[in-house]
Amino acid sequence: MTGIDDLLRRVLVKADATTERLSPPATAEEVENAERILGFKLPPVLARLYGEVANGGFGPDYHLLPLTGDGRTAVSGYREERATRRSGEASWPAEVLPILDWGCGMYAAVDCRSPEGTVLLFEPNGICADWHSAWYVDAESLTDWLETWLSGTGWYEEDAECDDAQEPRPWRIARQRLSEPE
């Protein structure tokens with residue numbers, strides 16, 4: 001068993017224990033269709049998370065958005081955010097998939113250009129321009145982000161000790177990624 005296999009097993013155990021009713025995993029066809037609609041591939045760990053654990057509905061606080069299906073999904077959220085202009089400017093970079101809605105306009109998102117799936121925090125509150133300053137790195141990889149959730153040490157945890165919780169830091173390449181043409 002690889003480290004990723006073990007991580008996904010532990011995520012499944014916690015998701016099953018903390019979720020009232022875990023949705024079935026996305027099928028391989030659903031993942032492929034989502035990638036076709038999005039126009040890019042998901043990082044391998046994210047594709048396996050949706051395909052082996054569940055199609056959303058688990059994870060930190062508000063739970064992961066379903067990748068596909070009816071209602072609000074990661075795919076529909078991405079398409080909506082990419083179409084939205086705030087103050088006439090793009091606020092959502094290409095190939096950054098929203099996976100969790102924290103509320104109040106905040107999202108956890110995965111940079112699908114990074115093989116490890118860097119997890120970003122979009123925190124637009126109080127920003128009316130300079131959208132690059134709304135983007136933060138929450139975790140260098142999706143596996144790190146999941147480990148933080150499993151250990152209960154994320155910044156979003158009420159009981160997390162201030163010393164243990166890693167505060168998100170600015171995403172240095174946000175300005176560059178937001179200035180890329182459609």
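Helices α1 and α5 cross in a left-handed manner, meaning that the near helix is turned anticlockwise from the far one by less than a right angle. This is a predicted model, in which local features need pLDDT of at least 70, side-chain atom pairs count only at pLDDT 80 or more, and totals for chains, interfaces and linings use all residues. Residues are numbered from 1 along each chain as its sequence is written, and side-chain values use heavy atoms, without hydrogens and water.

The axes of α1 and α5 (residues 142-151) come within 11 Å and cross at roughly 40°. Axes are lines fitted to C-alpha atoms, for helices over the stretch in contact, with angles from 0 to 180 degrees between N-to-C directions. The α1 helix is therefore oblique to α5, as angles under 35 degrees count as roughly parallel, over 145 as roughly antiparallel, 65 to 115 as roughly perpendicular and the rest as oblique. Helices here are DSSP runs (H or I, at least four residues) numbered from the N terminus.

Val11 belongs to α1, which covers residues 3-18. Val11 is buried because its relative accessibility is 0%; buried means under 20% relative accessible area with a 1.4 Å probe, protein chains only. Beyond its neighbours within four places in sequence, Val11 is in contact (heavy atoms within 4.5 Å) with Leu49, Val53, Phe58, Leu146, Trp149 and Leu150.

Leu49 is also among the members of the largest nonpolar core that touch the most others. Such a core is a set of buried Ala, Val, Leu, Ile, Met, Phe, Trp, Tyr and Cys residues joined through side-chain atoms within 4.5 Å.

Terms used. Helices (H or I, at least four residues) and strands (E, at least two) are DSSP runs, numbered from the N terminus. Buried means under 20% relative accessible area, exposed over 50%, partly exposed in between (1.4 Å probe, protein chains only).
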